[in-house]
Amino acid sequence: MRNPLRAVRLVCVGALWLIVSVTHAVVLQDDRHIDVTLSKVPQRIVSLLPSLTETVCELGQCQKLVGVDRYSNWPESIAKLPRMGGGIDPSIESIVALKPDLVLMATSARGAERLQALGLTVLALEPRSHADVQRVMRLVAQALDVPVQDSDRVWRHIDAAVNAAAQSIPAQAKGQRVYFEVSRAPYGAGESSFIGETLQRLGARNILPASLGPFPKINPEFVVRAQPDIIMVGDSNFADMTTRPGWQNMQAMRAQRVCTFKPNESDVLVRAGPRMAEAARLMAKCLTDKASQPKRLER
Amino acid sequence: MTGHCARWSPLVVALSLVVLCAFGIALGSAVGSTGFESWVNARHDDVAWQIVWEIRLPRTLGACAAGALLGLAGALAQGLFRNPLADPYLLGSASGASLGVAVALALFGGNPFATELLVRLGLTGAAFVGAVLAVLLTLTLARGVQHTLRLLLAGVIVGVVLGAMASLITLMRPDVLQGMQGFLLGSTSFMGWTSCVLMFGVLLVCLVFAFGLSRVLDALTLGEATALSLGLPLAPVRVALVCVLALATGTAVAQTGLVAFVGLAAPHLVRSLVATKHNWMVLLSALMGGALLLAADLLARLSIAPQEMPVGVLTAVLGGGYLLWLMYRTQATGAKP
């Protein structure tokens, strides 16, 4: 009598284990506050945001990407992947044609509802701050069945590297007042943006206070009045900067205390993703280099 | 009137436009990022079937319906205001819709409590509500519909002010910039079957009403005084026409974003082909609008495949180009005796 019972129990346990291991049902809340259920580990992923593409690859899951948006350009291994349009104009048809079992996209992107209506699983995430980068990395790790410890380890590496970059800056280079221009409208990076957070950790002061919001559109006059010690800008925007009225005579411009970043460096700087450490090193280098130059140019 | 440029019978034009639309829809189901093979494989490949049946067909039909709504609205606006420059966005619906989208995006981005409602309502609902509210605001400012000029001015003012408010929101919240830009460019690629059914339903209702009211539009071409002296109930009919105009425009804008020029160009293209009364005019303008947006949608998909152009850009180029050519041709032929 005992043996059949035991057999039944064994079978039950076995079945349960099988169900648990096969289904792997994960429920995640994304940044739209929608609960997304993943019934199995995704094997074919489409990413429509460069920082999410980078996060997936940083977690060692690059081989699972089958399509990316047209702005994703790092790491190089994704160069050959098909392009699915951008955030404004994702190509619904080409995404569906790839049969992905997970679509990662920004909350600000369009087409999430349409993709869901077509039966795809959409996880919409929008990293905006350092804490977000860690949180999003964890969410992506959970979605891809990567141990959370791994994602936390990746994050600790990033965190430590930012700290190291901060320590590499000599004492006299700290406390400089920085203006970081994101785009030529001009939008600047405020204290509350992730760029601002990095600058703060590097010991720099931001001329755009947190009260203005993360990426405020500012009056060019505001910068002239604030007289930043250092200006950071992508080199495509720099040419425009010199033509703005009054900017020629700003101390930072006259003393050439302007760091211009090449397009690939700008990509690193403006993406809230795993390359934040590299971004911190770029900014630290800028702060250190420019601190050795005189603040004012004597005539 | 002019013997030189041949005018066709309205029935012939209507039939050829229907054939053109049918051809466009068939072509639209066959072309896209993956090309013809989806169409060929649709029978035995689930994904190919899904692409043809659930993506291409609804968006193609949707483009046709949206274009038809705009064409119809354009014909009504030009008839109602007796002005060939009138277009469906005249009463402020376009900027109202943009403001609705901007507000929705701004709330959507930051406030977690608002999202529950907004997810259900969606940007489509926000755009529609915005468009209708803008028209209501215009009517309030113009104190009714009796003065055409006052209505026109109020529409322009509402358009400018609401547009400025939408820009202000975009400035305060740069993260909504991307979504706004997408809306302003106009796109047919996010429409499903529900949008299609909705738009065709509204189109049917609007066509029936427009058809019923077309006699008044005919009378209006003779001037308001004549129309009144004919004993036509101008006031209630005007209200009804504005309602139909707002409904048609709001529905189209909510589904596709701002698609420029279709509403303006479609009635003119029809007029260049036939000389007819408004009962045919509204029907033909709707068909012409449908065909125009359909053609633009096809070109948008084909021209830089596998990527896509924003369809709003193409409607302006297509419609505007044709209108210009038409104008020069009439001038050239008009110069000869």
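Guide: A compact globule of 337 residues would have a radius of gyration near 20 Å, and chain B agrees because its own value is 20 Å (taken over C-alpha atoms, with the globule rule being 2.2 Å times the number of residues to the power 0.38). The model is predicted, so local features need pLDDT of at least 70 and side-chain atom pairs count only at pLDDT 80 or more, while totals for chains, interfaces and linings use all residues. Residues are numbered from 1 along each chain as its sequence is written, and chains are lettered from A and ligands numbered from 1 in the order in which they are written.

The C-alpha trace of chain B spans about 60 × 45 × 35 Å along its principal axes. Chain B has 13 helices and zero strands (DSSP runs numbered from the N terminus: helices are H or I of at least four residues, strands E of at least two). Its pattern along the sequence is α-α-α-α-α-α-α-α-α-α-α-α-α.

One pair of these helices shows how chain B is packed. The axes of H1(B), residues 10–30, and H12(B), residues 278–303, come within 9 Å and cross at roughly 25 degrees (lines fitted to C-alpha atoms over the stretch in contact, with angles from 0 to 180 degrees between N-to-C directions). H1(B) is therefore roughly parallel to H12(B) (under 35 degrees; over 145 is roughly antiparallel, 65 to 115 roughly perpendicular, the rest oblique). Their crossing is left-handed (the near helix is turned anticlockwise from the far one by less than a right angle; clockwise is right-handed). Residues of H1(B) in this contact include Val13(B), Leu17(B), Cys21(B) and Gly24(B), and those of H12(B) include Trp280(B), Leu284(B), Leu287(B) and Asp297(B) (contact puts C-beta atoms, placed from the backbone, within 7 Å). By class, this contact has 17 nonpolar, three polar and one charged residue (Ala, Val, Leu, Ile, Met, Phe, Trp, Tyr, Cys and Pro are nonpolar, Asp, Glu, Lys and Arg charged, the others, Gly among them, polar).

H10(B) covers residues 234–256, which is 23 residues, and reaches 33 Å from its first C-alpha to its last, close to the 33 Å expected (1.5 Å times one less than the number of residues). Gly257(B), with a positive phi near 80 degrees, follows H10(B).

Chain B also touches chain A, in a contact that takes 28 residues from chain B and 23 residues from chain A. On the chain B side, H3(B) (46–80), H5(B) (112–141) and H7(B) (177–185) each supply at least two residues. H3(B) gives the most to that side, with six residues. The chain B side divides into 10 nonpolar, 14 polar and four charged residues.

In the partner, the axes of H5(A), residues 130–143, and H6(A), residues 148–167, come within 9 Å and cross at roughly 150 degrees. H5(A) is therefore roughly antiparallel to H6(A), and the crossing is right-handed. Met137(A) and Ala141(A) are among the H5(A) residues that meet H6(A), where Val154(A) and Trp155(A) are among those met. Five nonpolar, three polar and two charged residues make up the contact of H5(A) with H6(A).

Chain A also has a cis peptide bond from Trp74(A) to Pro75(A), with omega near -10 degrees. Pro75(A) lies in the loop between S4(A) (65–68) and H3(A) (92–97). Lys99(A), a residue other than glycine, has a positive phi near 50 degrees; Lys99(A) sits in the loop between H3(A) and S5(A) (102–105).

Technical notes
Contact = placed C-beta atoms within 7 Å.
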